[in-house]
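Work through the following exercises with the sequence and the three-dimensional model open side by side. Each task is followed by a solution that goes step by step.

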Amino acid sequence: MNRHEIHGGQVYQLAKQLGRSVETLLDFSASVNPLGPPVSVVRAMRDAVSECQHYPDPYSEDLRLCLSQEHGIPGASILVGNGSAEIIRILPQALALRHACIVGPTFGEFEHSLRLAGVRCTGVDAVSAQRYVPPFEKIVDVLEEWRRASARKGHKAGMHKNAVFLCHPNSPTGRRLSRRDLQQIVDTVHRIGCWMIVDEAFVDWCPSHSLMKDIAASPRLLILRSFTKFFAIPGIRLGYVVGEPAVVESIRKYLPPWSVNHVAQVAGVVALADSRFRQRSQQFMQEERPRLIARLRRISGLRVIPSQANFVMVEVFNGRSPQDIVERLWAQGMLVRDCQSFSGVTRPALRIAVRLARENNRLVKGLTKILQKS
Ligand SMILES: Cc1ncc(COP(=O)(O)O)c(C=O)c1O
């Protein structure tokens, strides 16, 4: 397995390895809403199972209608996939990309999918010294370089084979750009005519920073969204991409038929309607994340990176190995993510999902014990 294929949430493997059941593990390694799926969604999924003697709607019409109302965009701008990971996997071929700029350190599936399609990848990485704020200037430099190269050739043609991949807010860092800097990048992309793929898998935790409102005016902007994190249904698989209708239609051709099952489609429709769950989740995160951060900051040997998402990145000092910490936490039935597998993470670090208060307290206690021993 190459390192881009390593993900959090490997509870089934670990449960086998430790000889214990999945329910006894506390998973801080996958960044999923700690409130669990909305009750309304669980109920609707149960009911939907009885309709599984039919093939699912291959176009996810009902869900697309709800999404189009949610975002105020045409249904033809939306393509639903079996998790946003499925769409990420087909994008490089569907857009016939040749060169991509990946703003890192970030989700490994961008690079993995691009390399599988033979796309040249250039990484522009945020750095620890700036607490992993996305590197605005480096992104602008790459775009400027692309603009100059296309000007030398005398036309914009060729730019549609280039793309910037940005996860916003980013994983594993939890950081985002200011609205002004992000807008400037979107404007520059528009001017030079390359693609910009923005993965908003975690934007439900800071919804005012979504670029969805820019979609109509930006024909080369594609936005990826996921249901699995915020609505806590990663086992169901549901995500989508939003873009210009003709582009979305050309991406659709690369999806296998019926890739989104019926239960997932129903779950999406009901999840979108549950505004109380959304409010409750956002309010919970506003309170619990700073509380967890404050407690982690009191543990010596850790440096906490500020976060706008439902997880925090924590750098590990004093020569402690993150892998060693990960394994000691396994022994206590807890999973955290070692950030070593994210290309561009230059200092030892862990990614920790924010969970319920009592669970976070257990993790803090476990970490304190491990780090005191060093
Ligand atoms: C940044 C990011 N984007 C997309 C995904 C894939 O999400 P989905 O469950 O919708 O396939 C993940 C999953 O970990 C992720 O971290």
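Helices (H or I, at least four residues) and strands (E, at least two) are DSSP runs, numbered from the N terminus. Residues are numbered from 1 along each chain as its sequence is written. The model is predicted, so local features need pLDDT of at least 70 and side-chain atom pairs count only at pLDDT 80 or more, while totals for chains, interfaces and linings use all residues.

**Exercise 1. Describe the two domains and the side of domain 1 that touches domain 2.**

Step 1. Begin with the bounds, which come from an automatic or database domain assignment: domain 1 covers 3-30 + 276-372, and domain 2 covers 39-274.

Step 2. Taken over C-alpha atoms, the centres of domain 1 and domain 2 are separated by 26 Å.

Step 3. Two residues are in contact if their C-beta atoms, placed from the backbone, lie within 7 Å. By this criterion, 32 residues of domain 1 are in contact with 25 residues of domain 2.

Step 4. On the side of domain 1 that touches domain 2, α10 (275-297) and β10 (311-316) each supply at least two residues, and α10 gives the most, with six residues.

Step 5. For the classes, Ala, Val, Leu, Ile, Met, Phe, Trp, Tyr, Cys and Pro count as nonpolar, Asp, Glu, Lys and Arg as charged, and the others, Gly among them, as polar. This side of domain 1 then has 13 nonpolar, 11 polar and eight charged residues.

**Exercise 2. Which residues touch the most other members of the largest nonpolar core, and where does this core lie?**

Step 1. A residue is buried if 20 or more other C-beta atoms lie within 10 Å of its own, exposed if 12 or fewer, and partly exposed in between, with C-beta atoms placed from the backbone. A nonpolar core is a set of buried Ala, Val, Leu, Ile, Met, Phe, Trp, Tyr and Cys residues joined through C-beta atoms within 7 Å.

Step 2. The largest such core has 102 residues, and Ala163, Val164 and Ala267 touch the most other members. The core lies between domain 1 and domain 2, because both domains give residues to it.

Step 3. Leaving out residues up to four places away in sequence, Ala267 touches Val41, Ala44, Met45, Ile233, Ile236 and Leu238.

**Exercise 3. Characterise the packing of helix α4 against helix α5.**

Step 1. Two packed helices are described by the angle between their axes and the distance between the axes. Axes here are lines fitted to C-alpha atoms, for helices over the stretch in contact, and angles run from 0 to 180 degrees between N-to-C directions.

Step 2. The axes of α4 (residues 84-94) and α5 (residues 108-116) come within 7 Å and cross at roughly 35 degrees.

Step 3. The crossing of α4 and α5 is right-handed; a crossing is left-handed if the near helix is turned anticlockwise from the far one by less than a right angle, and right-handed if clockwise.

Step 4. From α4 the contact takes Ala85, Ile88, Arg89, Leu91 and Pro92, and from α5 it takes Glu109, Phe110, Ser113 and Leu114. These residues divide into six nonpolar, one polar and two charged.

**Exercise 4. Are Ala96 and Arg131, both with positive phi, exposed or partly exposed?**

Step 1. Ala96, in the loop between α4 and β3, has phi near 50 degrees, a positive value in a residue other than glycine. With 11 C-beta neighbours inside 10 Å, Ala96 counts as exposed.

Step 2. Arg131, in the loop between β4 (120-125) and α6 (136-152), has a positive phi of about 50 degrees although it is not a glycine. With 16 C-beta neighbours inside 10 Å, Arg131 counts as partly exposed.
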